[in-house]
Every structure is written in structure tokens, then in C-alpha cells.
2 protein chains.
Amino acid sequence: MDCALISIGDELLIGQTVNTNAAWLGEQLNLLGYKVVAGVVIPDDENAILNALDELSIKADLIIITGGLGPTKDDITKHTLCDYFDTKLERNLVIEQQIVDYFNSRQLPILQTNKDQALIPSACELLPNSRGTASGMWFEKDKKIFISLPGVPYEMKGIISEIVIPKLLKKSNNDHILIHKTIRTHGMGESFLAEVIKDWEDKLSHDEIKLAYLPSPGIVKLRLSLLGKNQKTINLKLEEHIQYLKKIIPNQIYGYEDDTMEGVVGQLLSEKNETVATAESCTGGAVAKMITSVSGSSAYFEGSIISYSNQIKINQLQVEEKTLNEYGAVSQQVVEQMAIGVRRNLNTEYGLATSGIAGPTGGTAEKPVGTIWIATAGPNGVKSKKLNLGYSRERNIHVTSLSVLNMLRLELLQN
Amino acid sequence: MDCALISIGDELLIGQTVNTNAAWLGEQLNLLGYKVVAGVVIPDDENAILNALDELSIKADLIIITGGLGPTKDDITKHTLCDYFDTKLERNLVIEQQIVDYFNSRQLPILQTNKDQALIPSACELLPNSRGTASGMWFEKDKKIFISLPGVPYEMKGIISEIVIPKLLKKSNNDHILIHKTIRTHGMGESFLAEVIKDWEDKLSHDEIKLAYLPSPGIVKLRLSLLGKNQKTINLKLEEHIQYLKKIIPNQIYGYEDDTMEGVVGQLLSEKNETVATAESCTGGAVAKMITSVSGSSAYFEGSIISYSNQIKINQLQVEEKTLNEYGAVSQQVVEQMAIGVRRNLNTEYGLATSGIAGPTGGTAEKPVGTIWIATAGPNGVKSKKLNLGYSRERNIHVTSLSVLNMLRLELLQN
């Protein structure tokens, strides 16, 4: 099916808002196997809307319109749609009541323009909006489908996911449904990971599962998508492949869907009723910040010593001056003493430590920018690891923080 | 002048890339006083390009095309432009040499497709790309201007800022130029700030200076834009208004253009050759992370005690147990003791401290979520301040970190 997108809104044309709706819709339609042939952005203007509908209905079978449905703006869009589909607005009393309830429950004053969001073209099928007051609309004309949706991304996405996609699948594919699963990995770059899981990827394509690599610094998300008839069968098939992947990269998979590394580690610490503290040099508090970004982290996080200077390493963590002089601050010996020191001084089960050259300057021939040592100290002793990262300070700090938390995660799973 | 934007690229249609180019271009054209009447996104396809050119040249006087000029793709776009403008490709030897030099200097292998980026339609005026290998092109036909640019945002923005805007201004306005200045403020919300600087805003409009409020958590940027003939005169006029604004909100303006709070504070500490340490409870390392995000911060940052638990506040910062019991961890008394403690223990000129209820849970009737105390301790004694923030944990942590750094900034300016 060929699709086209119409985005209505002056704010998009003057660049006040970036058109993320079109990108999101494009991705969803592509996953369904549909082809997006064109996208247009137009002002809140009757002629512009009519022109766009005329032009795009020649090129596409499905036209999705977003925007132009807010309480102050929907007048133009809805009247124009009535013209185009030769129909009239009718007040939908059920929707009107929902709007009144929505405002009352939030103790907000309600205006006539708000109530008028219940005026719906008679010729359309209403697409209820569970997340706001502007209803979506589904029209059909000359075997083409036209869908009009609010421009607020959260509301638009709700109507698409909850109603439009199931309806399109039902219409075109005999009750097919589309299910995504996301696997979160850390510790292998995209190309290296792709090489390691090559055979697994081949097996996916035999089962008609689509795979997308979604890389960000320190993390590669793998998104599996499968279209099928039966939800249970699809889930089972996806789960089977995920279990197989776990055997190939057991240490790299740290979570699924919206899991975060700090959330997963926090969950493990909570379950075991154990605590952690950090001693940070090159990450300068970034590990502590990640841990404490989780609400409730005070149950397992005691605190940190950020020992940016050597003096603080000596005074607050009892790193030996001799070791600092002999091996330098960026060394296995120092990072291990830091982890041991913070565990002892803050009286926790685990101590994490980082020391390295975050960059962009400060490197030497022997220890170039991106040379970073990380360590964990715990009931089973101290472990350390050297990372060889790049030249971006921000990225180095972030990847180091993820890495030391992943080290702790693996420790917690073993004990 | 009415403008239209054509974005070429399959990656835009399937949502792999968000069309930030169109938003940026829309904003620039709007600042120039031009009106963007339409934007279209089309695939790398000859007919789609020809159709878009036909349709949009009816609606607009200036058509800007982005994308479709990479070494593997420019074949279609450039041949189509040659068809449309009835011209032929010619090899530009100067550009070819630049491409060869570009690859040689980076020690990259060069392919024929790379060299073919020097094939330029004869009928166009070449727009040199100082940031990459795909040249921009300027065509005119039937009194309409058509500009074709590479899709890589960094390269596209370079050609627009360096060449296209000056050329458009020269063409339409007799050597006018457009200058922006950004003022960065912290400490007042957008609406409150707008109220405080109302008269100043009126004065701006008398001088035909456009003002944009660009809010983000804890920060409101004010962007002034002025179109005029003489760069020096424009800069003087803008500077005059900025000086006047400084009198109205002296404590809120922390920087200009791309300044950051942590960069400005770091600069002040460096100049005075003074040092800082932080004692963080609710920010959990976020202040230290901000400070150390600046390369070279080791010159003035010694370290931190992240005292998430009360025991760490007592053991590592010598906060009195009695004070904790009497006033609670989130109190003026405790946050002041923390600032004093970290300054003393880490032996720095300044100590910063934070203690509060970051949320989303943990609030009480007396101390609701968002109740946060911050303090500075320094040569001139200890100062503290209470913040009443909202319910978002992430936002509360970020705004608190900005606030305590701004407190230090004001201290440093006074001493």
C-alpha cells in the first residue's frame, strides 16, 4: 500500500517544531510493509489542505493527516474535510460529555471551543482519543483511506497504535498483528555485534522477523518485529529467538524494552538487599548520577567519593601515595585501591571505581586519551578492566559509567 | 518572498532520519522575514523530484532542495535538475581537485563516484561547500530561485549561513545582513521573566529587533535578531539593549551564545586560581558531573562527597547527628554543615552542597517533593537558599545543579 503524510501547522513551517510525527509515522508504516511515497507540510489554510488532499490522493492509497485539530484551530481543518468529503459537522454527545469530564476532572475552566471539539463530520468513522480531547477521524473516498489525527505526538501515537494499526491490519491482512520486542545490549559495538550474531540474524529472516540495530553511545538496541495472526504464537516465536541470542551474548544483554542499566542494577541490589558506593575520578560523579536517577535508589546507594585530585584519593580513599607515584592515577593498581577504599569507608557490599583519561586532552603515548580503568570490589574480591575508548569526553564518561555498572551487574548475577 | 522546501531522501520517508533540516531552514527563512508556504518530502526518484519542482514553483518564489547529493545518490538528483533546467553536467576541475585533496588529507581511498561530485550543471551558479564534498547549486528560472544543497545538516547549514543568506539579502535588500545574539538566563521562569522585562521588550520592537524566548529546564535563552545594513551598527544596537537588560536582571544573566553555566563558573575559578568541592545529597553527583564535563576542570575541581545516606553525612562531612535529628536532612542547618564540611575536608576555597526531596515520591506535608536546600561555603562564610521545585526528579536534579552553580558564580563575582 502506498501512503502519504500531510502535516498541518504553521509552527512546522517556521521551524518552531521539528516534524517528529512524520518520522514516527514513516517508521510505523514501513514496519507494516507499506511504502511512504510522499510527505508534505502545509499551513493551517483551507486551500493548502484541499490542494494537498487532491495531489496526494493521486499518489497514495492511504493518506494520514496530522495537526490542525486543536481547540483553536480545528475549525479550518474540520470544515475543509467536510467540504472535501461532502459532509457536515454533527455534535457527538458522547464525545462532548467526555470532554466536559476531562476538564472537570482536572478542575480546568471549559470554553465553547473545547466543547466544539465534539463536532465531528458525519461521513467519518470516529477514532477515539484516549489521551486527549481531539478525536481522530477515518474517511474513505474512491477506495482511498484518509485518516485525520491530532498533532500532539503523544495523542497521535496513541490513536495510531491502539486503533489505526489494528484496523489497517484487519482491513488488509485478515487479522494480522504487528509485535515488536527490543533487546538492550552493552559491551560490543554495532559492527562487531553484527558479526557475532550473524547466524542468528539469518535465522530471524527465515522466520520473517525484521531486525533493526538501534545504536547509541555504549548501547546497541536490537528491535525485532514480526507480523502474524496470533499474538501468542508471535510472542513465543520472538521469545525463542531471544533465548537463543542470550546463549550467544550472555554478558551483553542487560535488559529489554525500556529497561535502563541503572534500573536493572538497582533492581538486583534491592532484591539482594545489598548496597553500593562509588569512587570516581574520570567519570566525576556520572556513575553516582546514573544510580541516583532511579527513584528509590537511597535503599541501596550510600554515596560516593569523587576523587578528582590525587590528594583526595589519598586522604579520602587511602590510595597509597607510593602506588600513585609508581603506576600513575590511571592504572589497575590505583583503581582497585579506590574500589576497595570506598567500599570500606562507606561500609557497603560493593564499591565501584573509575580512573582514566576522559579527554579530549591529557593523553600520553603510553596512556592515550580514552585509556580508562574500572573496578568493582565486593564480597568476592576485587576485579578490574581496562577500556580503550575514543576522543569524545562526554561519550567516554558515559560509556565508562555504563561499563562499570555492567561489571557490577555481572558480579551481582554470579553471587 | 514565498518559499518552499523540498527534502529528498528515502531515509526521511521511512523515519530513519527526522527532518531537522526543514525545521532549521524554516526558522532561518522566517527570521529573514520570508514566508514558508510548503514543505515536501520525496524519495530519491526522478519523477518525484520533477513533480515537486513543478508543483512548488507555482506556489513559491524560492525553492530550497536538500538531500540527494551524496556520492552514491547524486546521479539521479543532478541529472533531474539538468532535465528541469535544460542544461548539462560539466566536470569542474577546481572542485575535483578539492575533492581529491579532501580525501588525500584524510588518507582515505577515493572512488570515481567521489570524483563525480565535481560534475556540476552548467546552468547553475556553484555554492562552494567548505565542510564537505557535495557542492550546492543556485539556479534561476522564470524569476524563481532554486537552491540545491547536500542533506548533511552540518554541510547544509554551512552553505546557507556562509553563502545563501548573504546572497539572498544582497539580492532582495540592498546588502542587508542578519545578526543574532543569544543571552542566557537562569533563575526566572519564562512567564515571570517576560513580565519583568516587558518594557525592555517594547523598546526592542521599536528598534525592529525580534525577540525569541527559548526555554529549557532551568534556563531561558533570549535570542535577539536584527536585520540591517551595517554589521557594526547592528552589533552596537544589540549591545546597547543587552547592557540595559543587564541592569534589569543582573543576577540572572550567566552567559551568551554557547556559554554553559559550568563553563562560566570554571572560567571564573580558573581566573581567580581558586578551587571547589561539592557535597551532594539529592543531586547525587549531578553537580560534580556538570563541573567535570568541562575539559581542564581538574585545575579547579578537587572532588566531592556524595552523601546520599545520613551516615555518610555524619562520617564523611561531620554533619552533627543532633542537627539531622532535630531538623531533618532536608534543612538549612544540614545543607550549611555539608557545605562547610566538604570545604574543610577537601581543603578548597569553596564548598557547594545540596539536600532535598527530588521526587517523585518521598515528600511530606511540611516538605513536599521539590523542597530543596542549596548552600555555598567560602571565604565570606556560608550562604543558603531554599528552592521550591516540581515533581519531576530529573528536572529537579538538573535545576538544583544549575542553581547551586549560579550561587557560586554570584559569590565569585562579589569576591
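I started at β16(A), which is joined to strand β17 (residues 381-388) of chain A by eight bridges, the two running antiparallel. A note on terms: strands pair if DSSP finds at least two bridges between them; helices (H or I, at least four residues) and strands (E, at least two) are DSSP runs numbered from the N terminus.

Before going on, I noted that this is a predicted model, where local features need pLDDT of at least 70, side-chain atom pairs count only at pLDDT 80 or more, and totals for chains, interfaces and linings use all residues. Residues are numbered from 1 along each chain as its sequence is written, while chains are lettered from A and ligands numbered from 1 in the order in which they are written.

**Around β16(A)**

I looked up the link to β17(A) and found a hairpin through two residues. Gly378(A) sits opposite Gly381(A) in β17(A). I then checked for another partner: β15 (residues 350-356) of chain A pairs with β16(A) in the antiparallel sense over six bridges. There, Thr354(A) is opposite Ile374(A).

Buried takes 20 or more other C-beta atoms within 10 Å of the residue's own, exposed 12 or fewer, and partly exposed is in between, with C-beta atoms placed from the backbone. Thr371(A), Trp373(A), Ala375(A) and Ala377(A) point one way, Ile372(A), Ile374(A), Thr376(A) and Gly378(A) the other, and all are buried.

**Helix α15(B)**

I moved to chain B and checked the length of α15 (residues 332-345). At 1.5 Å a residue its 14 residues should span 20 Å, and the end C-alpha atoms are 20 Å apart, so that agrees. The expected span is 1.5 Å times one less than the number of residues.

This helix is mostly covered too, with 11 of its 14 residues buried. The buried ones include Glu336(B) and Arg343(B), along with Val334(B), Met338(B) and Ile340(B). After α15(B) comes Asn347(B), with a positive phi near 55°.

**Chain A against chain B**

I superposed the copies: a rotation of 180° with 0.0 Å of shift along its axis puts chain A on chain B, RMSD 0.0 Å. That is the relation of a two-fold axis. The same surface serves both copies, as 100% of the contact residues of chain A recur in chain B.

I looked up the contacts and got 46 residues of chain A against 46 of chain B; contact means C-beta atoms, placed from the backbone, within 7 Å. Elements giving two or more residues to chain A's side include α2 (20-31), β2 (35-42) and α16 (393-414). The largest share, eight residues, comes from α2(A). By class, that side has 23 nonpolar, 17 polar and six charged residues. Ala, Val, Leu, Ile, Met, Phe, Trp, Tyr, Cys and Pro count as nonpolar, Asp, Glu, Lys and Arg as charged, and the others, Gly among them, as polar.

Strands cross over as well: β2(A) and β2 (residues 35-42) of chain B run antiparallel, joined by three bridges. Val41(A) has Gly39(B) as its bridge partner.

**Domains of chain A**

Last, I noted the split into domain 1 (2-173), domain 2 (177-256) and domain 3 (261-414), with bounds from an automatic or database domain assignment. Eight residues of domain 2 of chain A are in contact with nine of domain 3 of chain A.

Terms used
Copies are superposed by least squares on the C-alpha atoms of residues with pLDDT of at least 70 in both. Two residues are in contact if their C-beta atoms, placed from the backbone, lie within 7 Å.
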